[in-house]
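Reader: Could you take one residue of this model and walk me through its surroundings in some detail? I'd like the cut-offs as you go, please.

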Amino acid sequence: MTDLEARYGRTRSRTRREKVLGIGVGVAVLLTATLWVWWVGTDPASTQLQSRTIGHTIVDDASVEVVFEVSVAEGTPVECAVQALNPAYSVVGWVQLELPAADAFTSTHVVQVRTSELATTGLVSECWVS
């Protein structure tokens, strides 16, 4: 018996049943996590939708023109929110537009956004399947 065992006592050793139960729970958790990742990654019902701002042009003190592209499955109608920002990153113009179903995966769009003051940038804020 060592000095530590004499002072604090021996720790109880794990029984075979506890070890088997611990390994079983670990395998079940790992299997559940793996199946969930597989299910989320291969869900055919989820639509891949991406939007990207290509550029903007300040037309005048009251408007900005925004060019952007949307990538989504052919035949899927989409709605997008486009906004104009001032130097303090405050929204000074905003428009929501419905984009009809396109014949290609990626389509380019140009929209003019009216502003309440001079904007310094314009961008596509968000797009969603309608």
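Author: Let's start with the neighbours of Ser-71: leaving aside residues up to four places away in sequence, Ser-71 touches Gln-48, Leu-49, Gln-50, Phe-105 and Thr-106, where contact means heavy atoms within 4.5 Å. With one of them, Thr-106, there is a polar contact from side chain to side chain at 2.9 Å. A polar contact is a pair of N or O atoms within 3.5 Å; within protein, one must be able to donate a hydrogen and the other to accept it, and residues adjacent in sequence count only if both atoms are side-chain atoms. Ser-71 counts as buried because its relative accessibility is 9% (buried is under 20%, exposed over 50%, partly exposed in between, with a 1.4 Å probe and protein chains only).

A word on the basis: this is a predicted model, in which local features need pLDDT of at least 70 and side-chain atom pairs count only at pLDDT 80 or more, while totals for chains, interfaces and linings use all residues. Residues are numbered from 1 along each chain as its sequence is written, and side-chain values use heavy atoms, without hydrogens and water.

Now the wider setting. Ser-71 lies in strand E2 (strands are DSSP runs of E, at least two residues, numbered from the N terminus). Strand E2, residues 63-71, runs antiparallel to E5, and 9 bridges join them; DSSP must find at least two bridges for strands to pair. The open, antiparallel sheet has 3 strands in the order E1-E2-E5. E1 (50-60) and E5 (106-114) each have a single partner strand, so one side of each is left without a neighbour in the sheet.

Methods. Helices (H or I, at least four residues) and strands (E, at least two) are DSSP runs, numbered from the N terminus.
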